[in-house]
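Let's take a walk through this structure together. Have a look at it first, and then we'll go from the place where the chains meet to the details inside each one.

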Amino acid sequence: MTSLNFEKVSVQYGHRHAVVEFSEVVRPGEWLCLIGPNGAGKSSLLRAIVGIVSFSGNIVVDGTTLHDRNARRRAQLVAYVPQSPVMPSDMNAYEYVLLGRNPYVSHFGSESVHDTAMVNSVFERLDLSDFTHRQLGELSGGERQRVAIARAVAQEAPILLLDEPTSSLDIGHQQQALELVDKLRREHGLTVVSAMHDLTLAGSYADRLVLMHEGHRVVGGTAQEVLRAETLAEFYGVSVHVHHEPDGTVAVIPRRSLRT
Amino acid sequence: MLVLALLCGAMIGPAGPTWWRIPLELLNRLPLLTIHSGVSESEWNIIWLVRMPRVVLAGLVGCTLSIAGASYQGVFRNPLVDPYLLGVAAGAGLGATFVFTINRAGSSTWLIDPLPLAAFGCGLAAVLVTYVVGTAFGGERSSTTLVLAGVAVTSLVTAVQAFLLQRHSDVMREVYSWILGRLSTATWTDVRLVLPYVVLSTTVLLFHRRLLDVLRVGDDEATALGAHVNRIRLVVVLFATLGTAAVVAVSGLIGFVGIIVPHAVRLLVGASYRVVLPLSFLLGGAFLITADIPGRILSNPAETPIGVVTAFLGAPFFLLILRTRQASR
């Protein structure tokens, strides 16, 4: 199991500060969920980890800063599922998941027997065997999400980053996708960092929540500690009712302002 | 298919022996084989010195334009891109125009023919300008900007060329016949001239076929998968351009091959670059050799430029692709 430390991480687009001196320690095997309004810097932080945007400060994986790792080594440590993955409609699911092996193949090389065996076992483990030869363009939203997660699993990285894994799914598929992540995390000891908008789902699956606002880390802790009506009112500008279930689950229900 | 096209190309032509004797004679020329084909020595010269270089050159040009086209389509993730997009064609055209206006006749005493060199140099220079401009303003998402820069460079270069032609209207005919593409004057020297570039560029491109598949998921995700997106794009563009500029220098501008062939391959075997690149290479050679045949016999003894033939086939095919793409949305 692998830890992930953020040390004063800042991301800047031109003059706009997307993330400002973000510090946090993600423990090995933990599921940390970033929450916060649109533009809070959640996605930018995830994109910084995988090298899509440059950052200042340090991101330390298992004791070594990412600045000192090359792109392939970094991709062996961190797998990333973006909010809306690019899925070429004329690519089949097998070819797509095989891309997850890229970090293990040299520049001019091709996949080894081990790589293809690995991809086959991912299809089996994720119950996707029927999908192997389906074109990505034919898949439904829920199926696409599972295939995208399958590619990340094929990367065999100990850290999994998920940007809005449930945003385009119905409630059933939302649960299915998160259950899958939870199962993978337990089976493989993955450290998970996700960005999510659905606060109830975030609270029920993640071990810890971190609220971000305008690039800053505001507050972190368990769902009970972070999901408080006053906090959410302050940073989301929303009036909510926070409902505590006996089992510890926290449900966040937006309140309608006028009822006629 | 490529072998078949090679044979057909060697067998069909306005002068020379009866067609069926030629494969026999070719076998006869192989070591350890003796077959009586009834082909005389002068007829063999027509085949070996006139037809064969032309067929081989057409094959090389077709292979290179097709694999370069498929590679460009891969790195720019744009199915309608072809090798000429980045200004190669316009640059090479300008280079040729320079040579013609400076007086081609006078240059025949030179040690080497300056035409291919000028076309090659200017084609490569145009692409470099496109690349520098495109990446300077493109920032992280350079793919679209690069294509736009190519369009700008192309129109600038074309304008310069038009200006030159206006000043030297006497060479207009020669320049246009070069632009329309010609394989008719091919010699073994031409083949030797392009062969090293073709071998180098296609080898490098073939080695990138897996990475072109990685790029299909976009720059961001390819980066997250550990690929050096900009480095891959630079290398592929450079080598595709190298091959293109080299073949353009000897064959003139032959359009649409780089679009038709890769798309035909995709329709046949799917879109993975692992198969699209090698098959485009093979099919492209076969296609251009075949396309060259009607050019030789249609208006015998005059020749229809091969660029006209490919454009005739290419333009409708291009529209067909556009239509099927729209229908599939």
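Start where the two chains meet: 20 residues from chain A and 18 residues from chain B take part in the contact, where two residues are in contact if their C-beta atoms, placed from the backbone, lie within 7 Å. On the side of chain A that touches chain B, helix α2 (residues 71–77) of chain A gives the most, with 4 residues. That side of chain A is made up of 13 nonpolar, 3 polar and 4 charged residues. For these classes, Ala, Val, Leu, Ile, Met, Phe, Trp, Tyr, Cys and Pro count as nonpolar, Asp, Glu, Lys and Arg as charged, and the others, Gly among them, as polar.

Before going on, a word on what you're looking at. This is a predicted model, in which local features need pLDDT of at least 70 and side-chain atom pairs count only at pLDDT 80 or more, while totals for chains, interfaces and linings use all residues. Residues are numbered from 1 along each chain as its sequence is written, and chains are lettered from A and ligands numbered from 1 in the order in which they are written.

Now for chain A by itself. It has 9 helices and 12 strands; helices (H or I, at least four residues) and strands (E, at least two) are DSSP runs, numbered from the N terminus. The radius of gyration of chain A is 19 Å, close to the 18 Å that the globule rule gives for 260 residues, so chain A is as compact as a globular protein of that length. (That radius is taken over C-alpha atoms, and the rule is 2.2 Å times the number of residues to the power 0.38.) Along its principal axes, the C-alpha trace of chain A spans about 60 × 40 × 35 Å. Of its 260 residues, 42% count as buried, meaning that 20 or more other C-beta atoms, placed from the backbone, lie within 10 Å of a residue's own.

Leaving out residues up to four places away in sequence, A202(A) touches C33(A), I35(A), M196(A) and L209(A).

Chain B is built from 14 helices and 0 strands. Of its 329 residues, 50% count as buried.

How do its helices pack? In one pair, the axes of helix α8 (residues 188–207) of chain B and helix α11 (residues 229–251) of chain B come within 9 Å and cross at roughly 160 degrees. Here axes are lines fitted to C-alpha atoms, for helices over the stretch in contact, and angles run from 0 to 180 degrees between N-to-C directions. That makes α8(B) roughly antiparallel to α11(B), the word for angles over 145 degrees. Among the residues making this contact are L193(B) and Y197(B) of α8(B) and F239(B) and G243(B) of α11(B). By class, the contact has 14 nonpolar, 3 polar and 1 charged residues.

Another pair meets at another angle: the axes of helix α3 (residues 41–76) of chain B and helix α12 (residues 257–269) of chain B come within 8 Å and cross at roughly 75 degrees. So α3(B) is roughly perpendicular to α12(B), a label for angles of 65 to 115 degrees. Residues of α3(B) including G62(B), L65(B) and Q73(B) meet residues of α12(B) including V257(B) and P262(B). The contact of α3(B) with α12(B) divides into 7 nonpolar, 5 polar and no charged residues.

Key
A residue is buried if 20 or more other C-beta atoms lie within 10 Å of its own, exposed if 12 or fewer, and partly exposed in between; C-beta atoms are placed from the backbone. Angles under 35 degrees count as roughly parallel, over 145 as roughly antiparallel, 65 to 115 as roughly perpendicular and the rest as oblique.
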